Amino acid sequence: MLEKGRISAAQLAILAGMSVTATSLLTAPGIVAIDAKQDMWLSPVWVSSAGFIIVWVLLKLSQAYPAQTMIEYAVTVLGRLTGKTVGILYLFFVLTATANVLRQFTDFVKLTFLLSTPPFVISGGMLLVCSLVARSGVETVARLPMLLLPLIGLLVLMIYTPSIVDVNIHRLSPMMEKGLSPSIIGAFRLLSWMPVFSIIHFYLPYVSNREHLLRWSFGSVIVFSLTLSITFVIVYTVIGAATVNYVYPFMVLARFISFTEFFEHLESVVMMIWVIQIVIRVSFGLYGTALGVAQCFGLSSYKPMVLPICMLLMLFSFWGIENAEFVSSPAMVVYYTLFGMVLPILLFIVHLVKQLFSESGKADLQEGESAA
Amino acid sequence: MNMPSGPIIILVLTAIVMLAYDWRRLRDARTVMAYSILYIGGYTIAVLLVFNPDLPGPNDVLRPLFSPLAKLLLGP
């Protein structure tokens, strides 16, 4: 076993939930609003079903192989060559997904706050913190979000509560003007965040109280969908149809706030939320990748892998990317869904079929023996 | 040929610091092999990117690979 630490189901749920919320809070409203418009608050409800499927399939697989991550049980399920190939491709997916988040962070900070800082300084500083977190082991990675959750909750409420004054609920009508299809297309665009839930399989072997795992993981998906839904309602009722024009509508929301002419310039609060959540998201992906690489090569420790993977993350966040907006392009959504959702489901189906055949094989053998 | 000296100096410095930091942990042959695959691969990409920042990256491979399916699902 590469890791001696133990975490609880609640910690894993908070870690996963906060990691998925990280980039979606800031950029998702502008992307979903393109198709869904005033129905955008419905999209998280549809996409939560995808989250439930991902989490349920991974938990079932983890029940079948309790001490293994997907990199290991892919070899058991699919055979050595195919399993290793699938594992390496999946690791590449986690690496690129985390690198894309890092690029979004760098772009956001560079465009709004640190205008003349070279971008590699921003992402390098972020990666330095995350590498320290990931090297400290699974317990640090999982407890950090638990520690920071109250702070994040408070800061998010500091943005939401003053904006209630500007809420114009009529902007949400006409509700479902063109039926359900716009909100479902919006939900499809949200699928570039939901598959991130699949990274939890790197942490599942180290959960101590497994009996609560299902409840907490489903709770995490529900809280994530609700947070997104509430954010969408507030953003759309305050900004209106112009949400589409902004890359960071949440930032516009914070700039809108002028509460009794005293409570102003809350952009720095958005920055605090963003930095903390990106630390959690990147260390979530970084620890997973380092552990996966170590398991793939059969190493005795994952810790030496963290820094080279940091370097690869940094390179992948700049290599051949003009700006961070490509993350929401349909091709990337398909890529994310394929690896984060379809791959676990396929593994699960293959596992079920194998189990079925091995059981019927055993039954035949026993019948044969008894007949003889 | 103009050498971009700043990025090269930073790259060399990070290379030395990273190796010095991880040196004591690299004991068995498997770890050294895995580490050097990631390390040498990463540095090759980094040096190539310093000299040619417009190098086509992994996303240029992924996008044409998945866009037909995306078009099928979302329409053009």
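**Exercise 1.** In which loop of chain A is F326(A) found? Determine also whether F326(A) is buried, exposed or partly exposed.

*Solution.* The structure is a predicted model.
Step 1. F326(A) lies in the loop between helix 11 and helix 12 of chain A.
Step 2. F326(A) has 16 C-beta neighbours inside 10 Å. A buried residue would need 20 or more, and an exposed one 12 or fewer; F326(A) therefore counts as partly exposed.
Step 3. Leaving aside neighbours within four places in sequence, the contacts of F326(A) are I321(A), M332(A) and N59(B).
Step 4. N100(A) is 226 residues from F326(A) along the chain, and their C-alpha atoms are separated by 9.1 Å.

**Exercise 2.** Describe the side of chain A that touches chain B, by helix and by residue class.

*Solution.* Step 1. Contacts join 29 residues of chain A to 29 residues of chain B.
Step 1. At least two residues of this side of chain A come from each of helix 7 (181–190), helix 10 (267–297), helix 11 (306–318) and helix 12 (330–371).
Step 2. Helix 11 of chain A supplies the largest share, 8 residues.
Step 3. By class, this side of chain A comprises 23 nonpolar, 5 polar and 1 charged residues.

Note on methods. Residues numbered from 1 in each chain as written. Chains lettered and ligands numbered in written order. Predicted model: local features only at pLDDT ≥ 70, side-chain atom pairs only at ≥ 80, totals over all residues. Contact = placed C-beta atoms within 7 Å. Helix = DSSP H or I, 4+ residues; strand = E, 2+ residues; numbered from the N terminus. Nonpolar A, V, L, I, M, F, W, Y, C, P; charged D, E, K, R; others polar.
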